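Subject: The structure to look at

Hi,

Here is the structure I promised to pass on to you. Have a look at it first, and then read on for what turned up.

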Amino acid sequence: MITVELNRVHGDYGFEVKDEYGQSVKIDNSSEHGGDNFGVRPMQMVLMALAGCSGMDVISILKKQRQNVTDYKTIVRGEREAGVEPSVWKKVELEFIIYGDVDESKAQRAVELSINKYCSVAETLRRAGADIKWSVKVEKENG
């Protein structure tokens, strides 16, 4: 079983969460809800986790295919249910930007495999009812 530990370290809602390896993340509420913007909102962290999970998959798949990825970026946009509590993510869009000498069809397939097969965060969101869409852009190296 995985263990994380949360401790209040700043104001009313400023927390630091550490995993069993000592890695930490700061969490806080928005100022509109009594926080100080000390850290990330928990629901935004879910989108961050999706970007990280899929990013690891995509890079791993492309490395196995001997694609030369020189840089990588994912932009995630999400929309939550309105007017209900709890409010889950209902719509999530990912924009994958892959830099380097990478075959576009391999990049598309790597993203598809990640989002539909390997990424546990994507599956968690999907099971919660989120509609996940994505796009892939490959930026070739000049020269």
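A residue is called buried when its relative accessible area is under 20%, exposed when the value is over 50%, and partly exposed in between. By that rule Asn37, at 43% relative accessibility, is partly exposed. Please keep in mind that this is a predicted model.

Asn37 has something else to show you: its phi is near 55°, which is a positive value in a residue other than glycine. You will find Asn37 in the loop between β3 and α1.

Arg66 also has a positive phi, about 60°, although it is not a glycine. Its place is the loop between α1 and β4. Arg66 counts as exposed because its relative accessibility is 74%, and the cut-off is over 50%.

Gln67 lies in the loop between α1 and β4 too. Is Gln67 buried or exposed? At 14% relative accessibility, Gln67 is buried. A polar atom of its side chain lies 3.3 Å from the backbone oxygen of Gln65. If you set aside the neighbours within four places in sequence, the residues in contact with Gln67 are Leu62, Asp101, Val102, Asp103 and Lys106.

Next, a peptide bond to look up: the one from Glu85 to Pro86 is cis, with omega near -5°. Pro86 sits in the loop between β4 and β5.

Now for the pockets. The largest pocket holds about 240 Å³ of space. Its lining is made of 13 residues, and those nearest the centre are Asn29, Arg41, Pro42, Met43 and Arg80. Which element gives the most to this lining? Helix α1, residues 42–64, does, with 3 residues. Sorted by class, the lining of the largest pocket has 6 nonpolar, 4 polar and 3 charged residues.

The second largest pocket has a volume of about 180 Å³. Among the residues that line this pocket are Val4, Lys18, Asp19, Gln23 and Met45. Strands β2 (14–19) and β3 (24–27) are the elements that give two or more residues to that lining. By class, the lining of the second largest pocket divides into 5 nonpolar, 2 polar and 2 charged residues.

Last, the cysteines. The count of disulfides is 0. Cys53 is buried, with a relative accessible area of 17%, and Cys119 is buried as well, at 2% relative accessibility.

Enjoy exploring!

Best wishes

Note on methods:
Residues are numbered from 1 along each chain as its sequence is written. This is a predicted model: local features need pLDDT of at least 70, side-chain atom pairs count only at pLDDT 80 or more; totals for chains, interfaces and linings use all residues. Side-chain values use heavy atoms; hydrogens and water are left out. On a 1 Å grid over the protein atoms alone, a cavity is a set of points where a 1.4 Å probe fits but cannot get out, and a pocket is an open set with protein on both sides within 12 Å along at least five of seven lines; lining residues have an atom within 4 Å of a point. Grid points are joined across faces, edges and corners, and a volume is the space filled by probe spheres set on the points. Helices (H or I, at least four residues) and strands (E, at least two) are DSSP runs, numbered from the N terminus. Ala, Val, Leu, Ile, Met, Phe, Trp, Tyr, Cys and Pro count as nonpolar, Asp, Glu, Lys and Arg as charged, and the others, Gly among them, as polar. A disulfide is a pair of cysteine sulfur atoms within 2.5 Å. Buried means under 20% relative accessible area, exposed over 50%, partly exposed in between (1.4 Å probe, protein chains only). A polar contact is a pair of N or O atoms within 3.5 Å; within protein, one must be able to donate a hydrogen and the other to accept it, and residues adjacent in sequence count only if both atoms are side-chain atoms. Contact means heavy atoms within 4.5 Å.
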